[in-house]
Amino acid sequence: MSLPLPVTRVTPPSGLARLELAELVEYRELIAFLIWRDIKVRYKQTTLGVLWAWLQPILTMIVFTVVFGRLARLPSDGLPYPIFTLAALLPWQLFSSAVTGSANSLVGSGSLITKVYFPRLIVPLSAVLATLVDFAVSFVVLIALMAYYHIAPTAAVIYLPLFILLALAASFAAGLWCSALNVRYRDVQYVLPFVMQVWLFASPVGYSASLVTSPVARIAFGLNPMTGVIQGFRWSLLGAAPPGWLILPSVAIVGVLLVSGLLFFKRMEQSFADVI
Amino acid sequence: MSSDAIRVEHLAKQYRLGAMRSAFAYGSLRETVSDAAAAWWRRLSGGPPAAASASAGARRFIWALNDVTFSVSQGEVVGIIGRNGAGKSTLLKILSRITRPTRGVAEFHGRLGSLLEVGTGFHPELTGRDNIYLNGAILGMRRAEIQRKFDDIVDFSGVSAFIDTPVKRYSSGMYVRLAFAVAAHLDPEILVVDEVLAVGDAAFQKQCLGKMQEVSRSGRTVLFVSHNMPAVTRLCSRAILLADGSVVEDGTPEQVVTTYLTSALGTTARREWAPDDPSIPGNDWVRVRSVRVVDERCETIESVDVRQRVGIEIVFDVRRRELPIVPGIVLTNEQGTAVFSAMDTSPRWREACQPGCYRSTAWIPGNLLNEGSVVASVALGTFTPGGKTIRQAAVNDAVVFQVIDPGEGGTARGDYAGPWSAPVRPLLEWSLRQGEPS
């Protein structure tokens, strides 16, 4: 007699981890619930709630405008400096909070991981996706500022979702590496804020990518996925110069980081519950 | 394939000492870069973990589970017992897929729901309603399924008045009830329960036991890990005893529970001393030869039906005719609570005893003790005119036996199936009159 039930086999960790991405689809409702929890809790515990999603980019924009625009008088591709930097700050903050959030997500869910089974990939993934809500809220500020400066998006705006996707993929890739490493080495959570700070200035958030002219520097610049994302935002929304070939190394490096990050994560995942 | 719901073969799990719940749960990069490099190489080259222990020098490893093999048929209710650290939790964690074994395979059919620690993923800021959805999703329920069962869950938990209150305002009892209610409605083919019965008030514990019985009656498989031996003997059809990561015994709950208590207390239902044993209890006046738990026919027994009387037999030698010797017993339960003490009040013990061998049996009536294990200590004493007692011979925790309620009626339990605290459980005579108070 046999049972018509699905069989689950629990086996020792193997050398080659399978990605089991189909399982993520099966658990899609849990992803939705975790995103919903993150957002609900975040807005419940703050007095200003949703206002923070507006205040953060606005305040940073003011600081950048004063420092880079007024004091350093950096060129802004012929655009008003505030909107020039805000169009970069939004994808940057999406990226930065997604990386930080997902890097700390596994350690923060330690009690869950040691007590119940679900695909662990869900944890950093939902942390990344949860930042999209903040992004959508703060996007309103950008739209308002565009209206203020009478800047209409060009037809290239249809490519905007692709650049958002690239930012998400880049942060998920970094989040996979960082969250898995953070389980074993808590150093990650101390190093990360510093890395993000450096990364911010290595990306053309406060200045124009056209300032970087030497061919070698431009290749290095192109390896930073956020360069392509930021240029894409300025191009599709504000009509600045298109990212051009610089986007290709960005996409390639995100692809490599994402696939290797998934493999690394699945590899480390087998011992999360024992180490966390 | 067979009808086995769970099949565990040669399962083993190795932990690095200090890798669990300690300050060294995670290292810093500086400390572990070289180790990690070694570990990477080891994994890539597929070497056994033992090789690492040699290379890592001082690192120590323990086997939390070591070559565990058993299978559970569909519909069986199996108790897993053993001391703390015997590997029970590790076994459940592997079955729940929280951690992976180092060797061996575990296999099961259908959905496995585990109540390892109820309330997993509850968020204090969210309301009871939100947490039911969140927790349900974490345990593997679909949204539609949670919606369908929502009212049942709330009813079962008994916190409906506070369902829209953040759970951080709940009492710990309410919290656990809500958490258990969600988990209890998972309706898995295999239910794994770990010590949830230790929480909540008596009424809620009864509800939990009821739910477990309901699950097992509906033909589903239950693995029940508990230190509550009466609950194991009452609920389970089979028990597995783990010690140091291995299966020591696998059989009927009564038999396995007895083995466990015997090994845990170092005590059996029968103790004997050879005449030349230097540890023989006694002195120049008296010596204890043996202590036994006996039934009506004076056979040694390890467990007794709660309705039957049980005897504690002491065989001893009186060596000099100088003192009156009075035999006495003290009973304690498995929690170490004193049940009662008693001594033989017969007038014959007022006189000094003739030298020789005596066999004294204290008969404990049926329907007096509660279910569970009972440890008997025995003593032979002399009372002085000043009211003092001189212990001539004493054996602490001399013998142990199980009191079992087979659930056939005729006991103080009546129709109640839940947990029953207190050391004794006498069947009283109740009188009743109906009518106006006069």
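Biologist: In what order do the six strands of the open sheet in chain B lie?

Modeller: Strands of a sheet pair through backbone hydrogen bonds, either parallel or antiparallel. In this predicted model, the order in chain B is β5-β6-β7-β3-β8-β9, and the pairing is mixed.

Biologist: How many bridges join β3 to β7 of chain B?

Modeller: There are four bridges between β3 (residues 77-81) and β7 (residues 221-225) of chain B, and these two strands run parallel. Within this pair, Val77(B) stands opposite Val222(B) of β7(B).

Biologist: Which strands does helix α3 of chain B lie across?

Modeller: Helix α3 (residues 88-95) of chain B lies across β3, β5, β6, β7 and β8 of chain B, and runs at about 150 degrees to β6(B).

Biologist: Let us turn to the domains. Into which domains is chain B divided?

Modeller: Chain B comprises domain 1 (4-15 + 66-262), domain 2 (18-59) and domain 3 (270-404). The C-alpha centres of domain 1 and domain 3 of chain B lie 41 Å apart. Where these two domains of chain B meet, eight residues of domain 1 are in contact with nine residues of domain 3. On the domain 1 side, α8 (229-235) and α9 (253-265) of chain B each supply at least two residues, and α9(B) gives the largest share, five residues. That side consists of four nonpolar residues, three polar and one charged.

Biologist: How many residues of chain A are in contact with chain B?

Modeller: The size of an interface is often given as the accessible area lost when the parts come together. Here it is described by contacts: 36 residues of chain A touch 44 residues of chain B. On the chain A side, β1 (7-10), α2 (28-45), α5 (110-113) and α12 (272-275) each supply at least two residues. The largest share, eight residues, comes from α2(A). The chain A side divides into 18 nonpolar, eight polar and ten charged residues.

Biologist: Which strand of chain B is joined to β1(A)?

Modeller: Four bridges join β1(A) to β4 (residues 103-109) of chain B, and the two run antiparallel. Arg9(A) has Glu107(B) as its bridge partner in β4(B).

Conventions
Residues are numbered from 1 along each chain as its sequence is written. Chains are lettered from A and ligands numbered from 1 in the order in which they are written. This is a predicted model: local features need pLDDT of at least 70, side-chain atom pairs count only at pLDDT 80 or more; totals for chains, interfaces and linings use all residues. Domain bounds come from an automatic or database domain assignment. Two residues are in contact if their C-beta atoms, placed from the backbone, lie within 7 Å. Ala, Val, Leu, Ile, Met, Phe, Trp, Tyr, Cys and Pro count as nonpolar, Asp, Glu, Lys and Arg as charged, and the others, Gly among them, as polar. Two strands pair if DSSP finds at least two bridges between them. Axes are lines fitted to C-alpha atoms, for helices over the stretch in contact, and angles run from 0 to 180 degrees between N-to-C directions.
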